[in-house]
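This briefing goes through one protein structure by topic. Please keep the sequence and the coordinates at hand while reading.

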Amino acid sequence: MMIRLKYKDFEFPQNPAAISVEKSKDISERSLPSAGSAVEEIAEKAAKITVSGKFYGRQSDEAAAKLTALHDDPGAGALILPDGEFFSAYFSYIRINRNAAENSVEYELGFTENICGKTYKRKRMFVFAESGENCFDIAAANSVKIEKIMELNGFKTPFELSEGQRVRIK
């Protein structure tokens, strides 16, 4: 069963015509001599949610006024999409167009996910050694015990790394 879009205490009289959710990550890519390149995920960015639609009839101006007041209300709030997906989000922008001939109000709203306090878990199983790095450096940078790195990679000494070498960390 589809529910109606809701932000903070405002439940939309009917669902928007369009809902867009954009999620992205910061990705790091660096060249490695004789190994091509290394790519890794750095951080998850805040989702951007855009909704657009129209309100019709006598209540259209009232609904637009409530949305404008919500935009001016500081702080993040609960954003519940019709499919049940939940975000803690800031109301980042509002665009309102009134059409007197149609007795309607067209709207476009933007929300930005509040990711404060949300941690991004790295799921890397390996890293690529940089110039001059040894197993001690890699262990410290990745919160892994040196013994674990030595065992996973079959290293005899912690200093036998070459630049660009793939090193398992988990």
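The structure is a predicted model. Seven strands make up an open sheet with antiparallel pairing, and helix 1 packs on that sheet. The largest nonpolar core has 19 residues, and the count of salt bridges is eight.

**Sheet and helix**

- The strand order across the open sheet is 2-1-7-8-9-6-3.
- Strand 2 (10-11) and strand 3 (18-22) are the edge strands; each has a single partner strand, so one side of each has no neighbour in the sheet.
- Nine bridges join strand 6 and strand 9, which run in the antiparallel sense.
- Within the sheet, Tyr56 stands opposite Ser104, a residue of strand 9.
- Helix 1 touches strand 1 (6-7), strand 2, strand 6, strand 8 and strand 9, and its direction makes about 135 degrees with that of strand 8.
- Ser60 belongs to helix 1 and counts as buried, because its relative accessibility is 1%, and buried means under 20%.

**Nonpolar cores**

- In the largest nonpolar core, the residues that touch the most other members are Phe12, Ile49, Leu67, Leu79, Leu109 and Phe111.
- At least two residues of this core come from each of strand 6 (48-56), helix 1 (60-72), strand 8 (86-99) and strand 9.
- Ile49 touches Ser20, Val21, Leu79, Leu81, Phe87, Leu109, Gly110 and Phe111, with residues up to four places away in sequence not counted.
- Another core, of 13 residues, lies apart from the largest one; among its members are Val127, Ile138, Met150 and Val167.

**Salt bridges**

- Side chains of opposite charge can pair when their charged atoms come close.
- Lys45 is partly exposed at 37% relative accessibility, and Asp26 is partly exposed at 35%.
- Asp61 forms a salt bridge with Arg98, with 3.0 Å between the closest N and O atoms.
- This pair links distant parts of the chain, as Asp61 is in helix 1 and Arg98 in strand 8, 37 residues apart.
- Asp61 counts as partly exposed at 41% relative accessibility, whereas Arg98 is exposed, with a relative accessible area of 55%.
- Arg95 forms a salt bridge with Glu108, where the closest N and O atoms are 2.5 Å apart.
- Arg95 is in strand 8 and Glu108 in strand 9, so the pair ties together parts that are 13 residues apart in sequence.
- Relative accessibility is 45% for Arg95, which counts as partly exposed, and Glu108 is partly exposed too, at 26%.

**A loop residue**

- Cys116 is located in the loop between strand 9 (104-113) and strand 10 (126-128).
- Cys116 is exposed, because its relative accessible area is 70% and exposed means over 50%.
- From Cys116 to Ala46 the C-alpha to C-alpha distance is 9.2 Å, although the two residues are 70 apart in sequence.

Key: Residues numbered from 1 in each chain as written. Predicted model: local features only at pLDDT ≥ 70, side-chain atom pairs only at ≥ 80, totals over all residues. Heavy atoms only, no water. Helix = DSSP H or I, 4+ residues; strand = E, 2+ residues; numbered from the N terminus. Buried < 20%, exposed > 50% of the residue type's maximum accessible area, 1.4 Å probe, protein only. Core = buried A, V, L, I, M, F, W, Y, C linked by side-chain atoms within 4.5 Å. Contact = heavy atoms within 4.5 Å. Pairing = 2+ DSSP bridges. Axes fitted to C-alpha atoms, helices over the stretch in contact; angles between N-to-C directions. Salt bridge = Lys/Arg side-chain N within 4 Å of Asp/Glu carboxyl O.
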